[in-house]
Amino acid sequence: PPSFLSVDTDGRVVRCDTFSKWVSPGLRCGFVTAPRPLIVKLAQGAGPSLGVSSPVQVFLVEMLRRWGPAGLHRHVQRVQAAYRRR
């Protein structure tokens with residue numbers, strides 16, 4: 001079935017995700033997908049880190065930059081295969 005976010009026409013759906021399940025367990029870093037005005041408000045109220053250490057953020061950005069979309073896709077496929085084996 002389609003996600004709530006994909007069928008949201010009024011900009012009222014907020015999606016919270018984590019990098020822990022598909023990048024690295026224990027990373028303790030997540031992200032929010034929402035309408036831009038809400039993201040702006042969240043950033044104004046919470047600051048840049050939301051409690052995640054700066055080194056973790058720097059590591060994650062650099063890793064994703066080096067992997068690129070294709071590398072991230074390959075990694076996610078490997079993670080999915082590992083979860084299936086469990």
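A residue is called buried when its relative accessible area is under 20%, exposed when that area is over 50%, and partly exposed in between (1.4 Å probe, protein chains only). This tour concerns a predicted model, in which local features need pLDDT of at least 70, side-chain atom pairs count only at pLDDT 80 or more, and totals for chains, interfaces and linings use all residues. Residues are numbered from 1 along each chain as its sequence is written, and side-chain values use heavy atoms, with hydrogens and water left out.

Begin by colouring the protein chain by pLDDT, the predictor's confidence in each residue, from 0 to 100. The chain has a mean of 86, and helix α3 has the highest confidence, at 92.

Next, select α3, residues 54-85. Helices here are DSSP runs (H or I, at least four residues), numbered from the N terminus. Centre the view on glycine 68, where a kink of about 100° lies shortly before proline 69; the bend is the angle between axes fitted to the seven residues ending there and the seven starting there. Then show Leu60, Met63, Gly71, His75 and Val79, the buried residues of α3.

Arginine 66 is exposed, at 68% relative accessibility. Salt bridges with shared partners join Glu62, Arg65 and Arg66 into one network.

Finally, select aspartate 17 and arginine 15, whose side chains meet in a salt bridge of 2.8 Å, N to O.

Key
Helices (H or I, at least four residues) and strands (E, at least two) are DSSP runs, numbered from the N terminus. The expected span of a helix is 1.5 Å times one less than its number of residues. A salt bridge is a side-chain nitrogen of Lys or Arg within 4 Å of a carboxyl oxygen of Asp or Glu.
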